[in-house]
Amino acid sequence: LLMGIVQQERQRLDDQIESAINRRKKTIIDNFLFYINEFNIVYNLDTNLYLQNGKKVAKLAQNQNIRKDINEILQETTKKNKEFIIVGRDATTNILPEADVKIVLMTNLLTHVLRRCIETGETMDNITADILQ
């Protein structure tokens, strides 16, 4: 019963976030530099906040509708302005498959797992299993 309530609450929050993104999508695309500046101000101040938000983003990215909306924002923004660099493991295949330039950085598995553990707070076993899927 408790898990059902938690899942319902999670779905309600996901729906609210998805709705907010949809309402603001055009505004974000049209004013992307403002949002990037706000992002830089927040993340340059506090490493703990950066890691904490990374965990939240990882959870939100599990919602395919939210992920789709964010990807559309990134795609539209980079069509308007070619001076952006989009970083992430989905960037070259899912977000911007038609990008003019793609740079893929490789790391060894242990470094990748440790970085992901720090970002998400997950155990090494869980992260390794997820990566190897």
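This is a predicted model: local features need pLDDT of at least 70, side-chain atom pairs count only at pLDDT 80 or more; totals for chains, interfaces and linings use all residues.
Local features need pLDDT of at least 70 and side-chain atom pairs count only at pLDDT 80 or more, while totals for chains, interfaces and linings use all residues. Residues are numbered from 1 along each chain as its sequence is written, and side-chain values use heavy atoms, with hydrogens and water left out.

Reader: Is threonine 78 buried or exposed?
Author: Threonine 78 sits in helix H4 (residues 64–80); helices are DSSP runs of H or I with at least four residues, numbered from the N terminus. Buried means under 20% relative accessible area and exposed over 50%, with partly exposed in between (1.4 Å probe, protein chains only). Because its relative accessibility is 12%, threonine 78 counts as buried.

Reader: Which residues is threonine 78 in contact with, leaving aside its neighbours within four places in sequence?
Author: Contact means heavy atoms within 4.5 Å. With those neighbours set aside, the partners of threonine 78 are Phe84, Ile86 and Leu96.

Reader: Why are the buried residues of H6 on the same side?
Author: The buried residues of H6 are His112, Val113, Arg116 and Cys117. Their arc, taken from the directions from the helix axis to the C-beta atoms, decides the matter. They lie on the same side of H6 because the arc they cover around the axis is only 135 degrees.

Reader: Which exposed residues does the face of H6 turned away from its buried side carry?
Author: Helix H7 (124–132) is among what covers the buried residues of H6. The face turned away from that buried side carries the exposed residues Leu110 and Ile118.

Methods: Helices (H or I, at least four residues) and strands (E, at least two) are DSSP runs, numbered from the N terminus.
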